[in-house]
Amino acid sequence: MKKGTTGIVLATALLGATVAQASEFSGLYIGGKMGMNRSDISGVANAASKNSETFGFEEGYNWDVDSFLVGGSFFADFNQKTTHTAVPNLHYGSNTIGLDLKLGLPSSNWMPYAKLGWARVTGSGVFPASQFKYTNDLHLGLGVEYKFAPNWSAVGELTTAASKVNGSKLDNQNITIGLNYYFDTPVAAPVPVAAVEPIVKKEEPKAAPAPVVAPEPVPETWKTLLENKPVCIEGANFEFDSAKLRNVEVKKLNEVVSFAEKYHDAQLEADGHTDSIGTEAYNQKLSERRAESVKAYLVKKGVAADRITTVGHGESKPIADNKTREGRELNRRVEVCTVLKVERKVRVIK
């Protein structure tokens, strides 16, 4: 925080738990996956199951419902053929397409989920789809997803499906890993908290100097001048790799709102910062998103948007040691700065 010898000092600490807002996993996404498939057919010819390669894709949309996530998706899995028994020569695989409903429980950047839907499984190789048109059946799945960047996530998933026709049964199980791309980045939606009057200390005038003893007194007067005094609000901390505001931070931002209402002419600047984990280019973007998150909340509370500018400094201006966990927490911050006009008395000698 910047200080003047007789200036105004305004300090706030922004700490706490996550604000109710859009999760990291809401919106439209598309993804690809690859892994291991296990297929077997019974009824027509009993054959031991065997592993083969699989790849596929998925497209879907997720909605936040309270603390849960509900989604719908279309998927297709292409499982490679392999020889299950040599005598007779059973060389086959299976493919699956279908629709799923998803129920997830997002927590910061992680989300475990379950799937339930419809699938159509068809054979390939010695059991081609033209001869064995299998029926539709349930598709079940369990998985976990991790958001490692604003628009990218990694996924691990286990799915199973089976269908029957003419006394035969085709089982299909997949274990895959993949990547999802999200087209929309979640926007912070802070909850309102009761405003608190900011602490503003007014500068006291300088003490008048002792009169100068001279043979002939020199008449003197005092006049009041206005000068600029910088004021910064510091300590808006964030979780790792996140631009979401948190409850106690929102309470302190309401103090900034009250400050802006009291000083109508004050222009505000939101300065975003990060720790040193990650690349400089990624941290630059993250610091800009943190500054924009603070601006979005202030505008939501009635502060005019043209009174607020945002600047991202990335990892270039740490206030603590990035080698320690405590230091990195302090560096993940947003500071809101402004300049106030304050009075200063000066002596005028005639």
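1. Lys33 and Glu157 are both buried. The model is predicted, and this point should be read with that in mind. The two residues form a salt bridge, with 3.6 Å between the closest N and O atoms. The pair links distant parts of the chain, since Lys33 belongs to strand 1 and Glu157 to strand 8 (residues 152-165), 124 residues apart.

2. Lys115 also takes part in a salt bridge, here with Glu58, and the closest N and O atoms are 2.7 Å apart. Lys115 and Glu58 are both buried.

3. A further salt bridge joins the side chains of Glu157 and Lys115, at 2.9 Å from N to O. Because Glu157 lies in strand 8 and Lys115 in strand 6, the pair ties together parts that are 42 residues apart in sequence. Glu157 and Lys115 are each buried.

4. What do these pairs belong to? Lys33, Glu58, Asp77, Lys115 and Glu157 are linked in a network of salt bridges. For the model as a whole, the count of salt bridges comes to 12.

5. On the surface, a nonpolar patch is formed by Leu28, Ile30, Tyr61, Trp63, Val65, Phe68, Val70, Leu103, Leu105 and Phe183, which together have about 880 Å² of accessible area. Strand 1 (27-42), strand 2 (50-65) and strand 3 (68-79) are the elements that give two or more residues to the patch. Strand 2 provides the largest share, 3 residues.

6. The remaining point concerns helix packing. Two packed helices are described by the angle between their axes and the distance between the axes. Helix 1 (residues 247-262) and helix 2 (residues 280-300) pack at an angle of about 60 degrees, and their axes are 10 Å apart. That angle makes helix 1 oblique to helix 2. The crossing of helix 1 and helix 2 is right-handed.

Definitions and conventions: Residues numbered from 1 in each chain as written. Predicted model: local features only at pLDDT ≥ 70, side-chain atom pairs only at ≥ 80, totals over all residues. Heavy atoms only, no water. Patch = residues over 30% accessible without salt bridge, like charges linked within 9 Å, V, L, I, M, F, W, Y side chains within 5 Å. Areas by Shrake-Rupley, 256 points an atom, 1.4 Å probe, with all protein chains shown as cover. Salt bridge = Lys/Arg side-chain N within 4 Å of Asp/Glu carboxyl O. Helix = DSSP H or I, 4+ residues; strand = E, 2+ residues; numbered from the N terminus. Axes fitted to C-alpha atoms, helices over the stretch in contact; angles between N-to-C directions. Parallel < 35°, antiparallel > 145°, perpendicular 65-115°, else oblique. Left-handed = near helix turned anticlockwise from the far one by under 90°. Buried < 20%, exposed > 50% of the residue type's maximum accessible area, 1.4 Å probe, protein only.
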